[in-house]
Amino acid sequence: MTLRERVHLLINTSKGVSVLSTVLAQYGATSIGGVCTYNDETTEDSSANEIEKTAVKNKLSLLKSRNSTKIKEHFLCLDANCQGIVLVIGWQYLLPNELIQMFVTVIFHDSLLPKYRGFCPTVSALIKGEPYIGATALFASEDMDAGDVIAQKKLPVTYPFKISEAFEAIGGAYSELVVEVLSQFDKGRIEGKEQNHNDATFCLWRGEDDYRIQWNQKANDIVRFIDALGPPYKGAKAYMDEKEIRIFDAVEVSEKLIEIRQPGKVLHFGMSGEPVIVCGQGLLQLNDIRMDGKHLNLKKLRVWLK
């Protein structure tokens, strides 16, 4: 069996970029039937443009859309007999059931399933302070992230750990898993193992309100929150005098005995002038604050972040 024009890619984010590079390097452009991607307006991620440039450079058939009907038609036009395999990486929308039924469809998910099914699993895991994150290759199914598991990669985490580092590590894990999946597919059969559905946990979708810092939490919990929502995301947010600010870097500093604790207030300034904020427990030094995309040098003491 040959992979020629039989690998179809539904990809986005830096993880999709990594997988596309791996497939091109390992199997060549002739192995790829088609590529689908889309612009993600909810983040600052420009991976779709990078995927598009790579596809054009390698003369790959490209569809830039997340419309289910267009995706199905695109792949059927390229592979009318449905002999190929569809690999889904960084895709944040439901797949058309017809696609799953017609093609061998493998999803790559950012967790060690059955834990953290659903939305933003890596963000959720880092906010909770999990000692491991991971990647799973699984067969697509009608129920969310419930298909049989083909292979997994477990990745240890040492905090502080930013989301960009996590995505880089997961991108590498995805690339390894893709080679494993395509090797099995090339041999004529992909083996999967049923998940223990009783152990499943789920992550909720995250919206703009979920970026907001809760200053009554512990300082180290807030650091993880900030690190989990940095680039390619918009950054953890707070309000200063009713104006929105985004915080991209913070560190916990030595606690002080505060008589009447009011989380969110500036206590003092650090050695280099960074504001130190009172949290529900502990203190937080804010090293990177931005307003309207520009760095903010906060020097006013009488500030209460909300």
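Trainee: What makes up the secondary structure of the protein chain?
Mentor: Seven helices and 15 strands, where helices are DSSP runs of H or I with at least four residues and strands are E runs of at least two, numbered from the N terminus. Mind that this is a predicted model: local features need pLDDT of at least 70, side-chain atom pairs pLDDT 80 or more, while totals for chains, interfaces and linings use all residues. Residues are numbered from 1 along each chain as its sequence is written, and side-chain values use heavy atoms, leaving out hydrogens and water.

Trainee: Which residues of helix H3 are called buried?
Mentor: In H3 (residues 68-78) they are Ile71, His74 and Phe75. Buried means under 20% relative accessible area (over 50% is exposed, in between partly exposed; 1.4 Å probe, protein chains only), so these three fall under that cut-off.

Trainee: Why do you say the buried residues of H3 line one face?
Mentor: Seen down the axis, they fall within an arc of 90°, so one face it is. The arc is taken from the directions from the helix axis to the C-beta atoms.

Trainee: What covers the buried residues of H3?
Mentor: The cover includes strands E1 (7-11), E2 (32-37), E3 (61-64) and E4 (85-89), plus helix H4 (97-102). Contact means heavy atoms within 4.5 Å.

Trainee: What makes asparagine 67 a cap for H3?
Mentor: At the N-terminal end of H3, a side-chain oxygen of asparagine 67 lies 3.1 Å from the backbone nitrogen of threonine 69. A polar contact is an N or O pair within 3.5 Å; within protein, one atom must be able to donate a hydrogen and the other to accept it, and sequence-adjacent residues count only if both atoms are side-chain atoms. So the pair sits within the cut-off.
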